[in-house]
Every structure is written in structure tokens, then in C-alpha cells.
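Please consult the sequence and the structure below before reading this report.

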Amino acid sequence: MHSEKCENATKPRCVCSTCGGSAHGWQGHLRRARRGAEGAEELREPAQRQWEESRRRFEEKGRRVPTLYLRQAGGGVVVAELVAWLSENKVEIDQVERLGEALREDIFGKELRGFAEGRARRDPDFADYGRATAGHFWCDLLVEIANALDQAEQVSDKVPAWVKDSVLEHEDVKEWGPVRRVLAEAALDFLWKGFKALLGADFGTAALHVRVLAVLICPDPGGHTRVARCCLRPLVKEALKEYVDVELNPEWLWPEGRSERGGGSGPAGEAVTAR
């Protein structure tokens, strides 16, 4: 049976093969957002405390390159403020929930299940397809859909091909293995087909909703470079620019063109985003 711990997860680990990561975190975050300020504060205070402690340790050690623990703490702050933003924008909660339910029920629970069961008749490795999609599977795919939506105002029919190329070319693919690769290609087709009617014609707003879901479903958004660069960073600079009130420089924490272990220089508070 699927665990509620997965739905309410806030820690950087996901091993739930029952839902294949399709219910990880986002349902709990949306429930918090629906409770308003009280729900948002459940995450905000501990996230800010963790950020300050991580930054203190970072500075005491005289480091200048952002470490994994600092990027994870920064991600926790952004997630908390994202929940606070959602709590004040209930229409956005509904839209993100529709996308999440489509992903969990229709795409993972039906379309991908049928696809995997068909492949399992020839290759038994596909039988436990939920184990292959746990972890960063869904957030990786959602990131590329959001990136493609940024460019897709007039060419929506080309989005699935663009996304597939981007996903299969990124640096993490070499660790996926053949089953995960095949599932990713199939899932992308199902995601785009399932999301298309829900996303509507406003591609900018659609990209925002997909990025929000990618962050909320990701087991470790601050430590997952692709989600951090392509979702946390633009959210902090746009939708959340009036919400994040700690010294946090997203361009430094999650720079473009750097490895998973980070890069760049400058203190964590070099740029300040203030409420």
C-alpha cells in the first residue's frame, strides 16, 4: 500500500515504488497551502533556521563554493516560500493539483502502467516499473516540459520531441539504465498528451505551474541541479521575489553550466531577495 509518508515527505530521499514517486511530496505541500498561513509556517520557520545554521557552518569553514548542504538548505527555504505563495493564491493550488493528479492517476497509474506491463511480457525488468521511476524521474521530465513551454508559444506540436531530446541528452542519463530510458520516453508522450488540455493556451502560466509541480514533487530540489537551476532559480526571481526574505543568492547557489557539486564564488548573502 502507498505510504502517506511519501505524500508528506520533506526529506531528500524517495524510495516509494508503489507510486513510483508520482505522489512524492506535492500532495502534502498542497494540503499545507490550503490551510493558509498556519500550514505555510510549518515549513517556513524550520527552513529558515536550517538555512541560517548551514550558512553559519559554511562561513566558519571559510568556504566560497556552495556546498551540497548549503544548496539543500536554500532549496528548503524556497519550497517553504512556494507553499506560502500558494496559500495566498488558491487558484494556483487547484491548477497544480490538477496536473499532479493527472500525473499520478492517469499517467503513472494507467498509461505508463499499461505500457510497462506490455514491455514486461518481453523484458521482465519492466515488471517493477515503479521502482524505476522513483527518485528524480518525474521532476527531470517536468523540468524539460517547463523549459520547452518557455519557447513553445507557436510550436506546441514540437514540444514532445524537444523535451525528449533534452531529457535524453542531459548528464544524468548515463546512470539511468535501459528500463528508465524507455519509460522516460513513453512517460513524456503521456505527460504532454495528458497535460495539454489542462495547461491551456497561456504558455507562460503553464510553465509556472509545471515548475511548481516539479519543485514540489522533487525529493531534493535544492540538491537536484536541474530542478534548482530551471525551477527554483526562476521562481525566486519572479513569482517568489516578494516572499523570500532571507539572504539567498540563487545565481550563486545554483549557477548555470556547473557540475552537480556546484561552482562559482562569493558569499551566500552577496545578493539579497527581500520581502
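## Basis of the model

The model is predicted: local features require pLDDT of at least 70, side-chain atom pairs count only at pLDDT 80 or more, and totals for chains, interfaces and linings use all residues. Residues are numbered from 1 along each chain as its sequence is written, and side-chain values use heavy atoms, with hydrogens and water left out.

## Helix H2

Helices are DSSP runs (H or I, at least four residues) numbered from the N terminus. Helix H2 spans residues 26–34 and is mostly covered, with 7 of its 9 residues buried. Buried denotes under 20% relative accessible area, exposed over 50%, and partly exposed the range in between (1.4 Å probe, protein chains only).

The buried positions of H2 are Trp26, Gln27, Gly28, His29, Leu30, Arg32 and Ala33. After H2 comes glycine 36, which has a positive phi near 80 degrees.

## The crossing of H5 and H9

Helix H5 (residues 90–120) and helix H9 (residues 178–199) have axes that come within 9 Å and cross at roughly 140 degrees. Axes are lines fitted to C-alpha atoms, for helices over the stretch in contact, with angles from 0 to 180 degrees between N-to-C directions.

In the contact (heavy atoms within 4.5 Å), H5 contributes residues including Leu99, Leu103, Ile107 and Phe115, while H9 contributes, among them, Val182, Leu183, Phe190 and Leu198. The residues of this contact comprise 16 nonpolar, 1 polar and 4 charged. Here Ala, Val, Leu, Ile, Met, Phe, Trp, Tyr, Cys and Pro count as nonpolar, Asp, Glu, Lys and Arg as charged, and the others, Gly among them, as polar.

## Aromatic pairs

The whole structure holds 5 aromatic pairs. Rings of Phe, Tyr and Trp (its six-membered ring) pair if their centres lie within 6.5 Å; planes under 30 degrees apart count as stacked, over 60 as edge-to-face and the rest as tilted. Phenylalanine 115 and phenylalanine 190 form an edge-to-face pair, 6.5 Å centre to centre with 75 degrees between the planes. Because phenylalanine 115 lies in H5 and phenylalanine 190 in H9, the pair ties together parts 75 residues apart in sequence. Phenylalanine 115 is partly exposed at 25% relative accessible area, whereas phenylalanine 190 is buried at 14%.

Phenylalanine 137 and tryptophan 138 also pair edge-to-face, at 4.9 Å centre to centre and 85 degrees between the planes. Both phenylalanine 137 and tryptophan 138 are buried. Phe108, Tyr129, Phe137 and Trp138 make up one aromatic cluster.

Methods. Helix = DSSP H or I, 4+ residues; strand = E, 2+ residues; numbered from the N terminus.
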